[in-house]
Amino acid sequence: MGHRIGSLIGEVKETNVFETKDWELFLKILVTINVKNPLKTGINVGIKKDGVCWVDFQYERLAQFCYSCGLIGNDEDLCGKKSKQLLMKIQGRER
């Protein structure tokens, strides 16, 4: 499963499953990514018949990263996408 999820982000180098002291499991996936593309915040996994759930992605060792547009090297405070969304909200045209 970790390899399939990781392949949606980039080239998978390594996958590991960890268990917390509270018996919770999580995956850690090492992938090579194209930094020119926005990073995904997560994905839906599962099938409608059995149930679908959202899986959040957390990234480690990133340079400056904008959570508004997903681009590495972009400053969230100066992000054009964030500014446009704020302007639309103020004008009452939020999508």
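L27 lies in strand 2, which spans residues 25–32, strands being DSSP runs of E of at least two residues and helices runs of H or I of at least four, both numbered from the N terminus. With a relative accessibility of 35%, L27 counts as partly exposed, a class that falls between buried, under 20% relative accessible area, and exposed, over 50%, as judged with a 1.4 Å probe and protein chains only. The model is predicted, and local features therefore need pLDDT of at least 70 and side-chain atom pairs pLDDT 80 or more, while totals for chains, interfaces and linings use all residues. Residues are numbered from 1 along each chain as its sequence is written, and side-chain values use heavy atoms, with hydrogens and water left out.

Together with M1, V17 and L25, L27 forms a nonpolar patch on the surface, with about 450 Å² of accessible area in total. Accessible areas come from the Shrake-Rupley method with a 1.4 Å probe, and for residues only the protein chains shown count as cover. Patches are made of residues with over 30% relative accessible area and no salt bridge, like charges being joined within 9 Å and nonpolar side chains (Val, Leu, Ile, Met, Phe, Trp, Tyr) within 5 Å.

L27 also belongs to the lining of the largest pocket, where L27, K28, I29, Q58 and Y59 lie nearest the centre among 24 lining residues. The volume of this pocket is about 940 Å³, a volume being the space filled by probe spheres set on grid points that are joined across faces, edges and corners. On a 1 Å grid over the protein atoms alone, a pocket is an open set of points with protein on both sides within 12 Å along at least five of seven lines, in contrast to a cavity, where a 1.4 Å probe fits but cannot get out; lining residues have an atom within 4 Å of a point. Strand 1 (11–19), strand 2 and strand 4 (51–56) each supply at least two residues of the lining, and the largest share, seven residues, comes from strand 2. By class, the lining has 17 nonpolar, two polar and five charged residues, where Ala, Val, Leu, Ile, Met, Phe, Trp, Tyr, Cys and Pro count as nonpolar, Asp, Glu, Lys and Arg as charged, and the others, Gly among them, as polar.

Two salt bridges are found in the whole structure, each defined as a side-chain nitrogen of Lys or Arg within 4 Å of a carboxyl oxygen of Asp or Glu. In one, K28 pairs with E60, the closest N and O atoms being 3.4 Å apart; because K28 lies in strand 2 and E60 in the loop between strand 4 and helix 2 (80–90), the pair ties together parts that are 32 residues apart in sequence. K28 is partly exposed, at 37% relative accessible area, whereas E60 is exposed, at 52%. In the other, K13 pairs with E11 at 3.1 Å between the closest N and O atoms, and E11 is partly exposed at 48%.

The chain has two helices and four strands, in the order α-β-β-β-β-α from the N terminus, and buried residues make up 18% of its 95 residues. One of the residues in strand 1 is V12, which is buried at 17% relative accessible area; V12 and T32 are 20 residues apart in sequence and 6.6 Å apart in space, C-alpha to C-alpha. W23, in the loop between strand 1 and strand 2, has a positive phi of about 70° although it is not a glycine, and is exposed at 70% relative accessibility.
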